[in-house]
Amino acid sequence: MQPIAFFYPHGHAAHAHPAHEESPERVEAIRAAVQQAGYWQSGLQVGAEVLAPAVLAAVHSAAMLDTARRGSQEESSLDADTYMTQASWQLALNAAGGAAALARAVWCGEAACGFALTRPPGHHATPTHSMGFCILNNVALAAESLIQLEGAKRIAIVDMDVHHGNGTQDIFYTRGDVLFISTHQHPLYPGTGMLHERGRAAGEGRTANLPLPPFSGDGAFAVAYGELVPALLGRFRPEMILVSAGFDAHWRDPLGNLQVSARGYGEAVRSLRAWAQQNCAGRIALILEGGYDLEAIPASGLAATQALLGEPITDAVGPTPQGEGEDWKAVLGEVKAIWDL
């Protein structure tokens, strides 16, 4: 077994738009940081797999897939934020296929953990619409692939992006086989992820939202990922944890104000890894989502990698100079009350 598996989206630079925040440099910055630290070279390099049609159909509608395919052919944007090039459709398939292949490598014991540098990102893509920089929902397709092809019964998706993963929530909202937990800034795009959104029908109690006020910082992350998220995982007892690893909660990021540091991200991943080691054979994989500052994202990606490997966490950028608020304490208190934690 390899200590870690990585997925790198070869050719991803062909999905690019001038001056857009979701740029190829994001992935390159993370890979360079992990390479310089010597971790990339010791990892299993996983290639993208071709997604089974039944897996795609379970996550996204045929009309949505056709719209994305045609949008790529015509180089027409799918919404105000989601640009397309002629290469974007195939690169979206590759990103989702890479996430699925990486999750499978960890599930099958080829690697102890994994980090997929998926691009384009995915967690805003709903069953019926691409949106918010996202074409296909990479983490949802990885989970569905494990369920359909590997016989997984219970998968947890933990989303630490600054924006709520509305697409992932919508995909699994009425299902009982996937637990979705999200920490995110509120108020902020896309305006979803409220405390009362807890799932429906078979999915009742399978969605847990922790909407954090601006300036919550590492203190909120420490309580959320050190106490609340592990307690929620313990009730569901997943067989594997997939993490939507958005690094835009970092204090340097231009699209949010949550004020988390790279070390805060690392400690959150360390907590999830510890839970996985104790409860689901160590199965945990990170799937890249957002993160748009080119100093913050490599520092956060490196800290997360170090946490996955049980290495000391470094933070070249440091903590927020703006200070942290305390309004998050009331919000997480409500979470505890709602879920009886």
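Modeller: Let's start at Phe215, which counts as partly exposed because its relative accessibility is 33% (under 20% relative accessible area is buried, over 50% is exposed, and partly exposed is in between, with a 1.4 Å probe and protein chains only). Before we go on, this is a predicted model, where local features need pLDDT of at least 70 and side-chain atom pairs count only at pLDDT 80 or more, while totals for chains, interfaces and linings use all residues. Residues are numbered from 1 along each chain as its sequence is written, and side-chain values use heavy atoms, leaving out hydrogens and water.

Most residues other than glycine have a negative phi, and most peptide bonds are trans. You'll find Phe215 in the loop between E6 and helix H7 (217-236). Helices (H or I, at least four residues) and strands (E, at least two) are DSSP runs, numbered from the N terminus.

Ala281 isn't a glycine either, and it has a positive phi of about 60°. Ala281 sits in the loop between helix H8 (262-279) and strand E8 (284-288), and with 68% relative accessibility, it counts as exposed.

Now for the peptide bonds. His186 joins Pro187 through a cis bond with omega near 5°, and the bond from Tyr189 to Pro190 is cis too, with omega near 5°. Pro187 lies in the loop between strand E5 (178-185) and strand E6 (207-212), and Pro190 is in the loop between E5 and E6 as well.

One more positive phi leads us to a helix: Gly151, with phi near 80°, follows H5. H5 (residues 138-150) has 13 residues, so at 1.5 Å a residue it should span 18 Å, and that agrees with the 17 Å between its end C-alpha atoms (the expected span is 1.5 Å times one less than the number of residues).

H5 is mostly covered, with 10 of its 13 residues buried; among them are Asn138, Leu141, Glu144 and Ile147. Let's stop at Ser145, another residue of H5. Its relative accessibility is 1%, so Ser145 counts as buried. Leaving aside residues up to four places away in sequence, Ser145 touches Glu49, Val55, Ala100, Arg104 and Glu150 (contact means heavy atoms within 4.5 Å).
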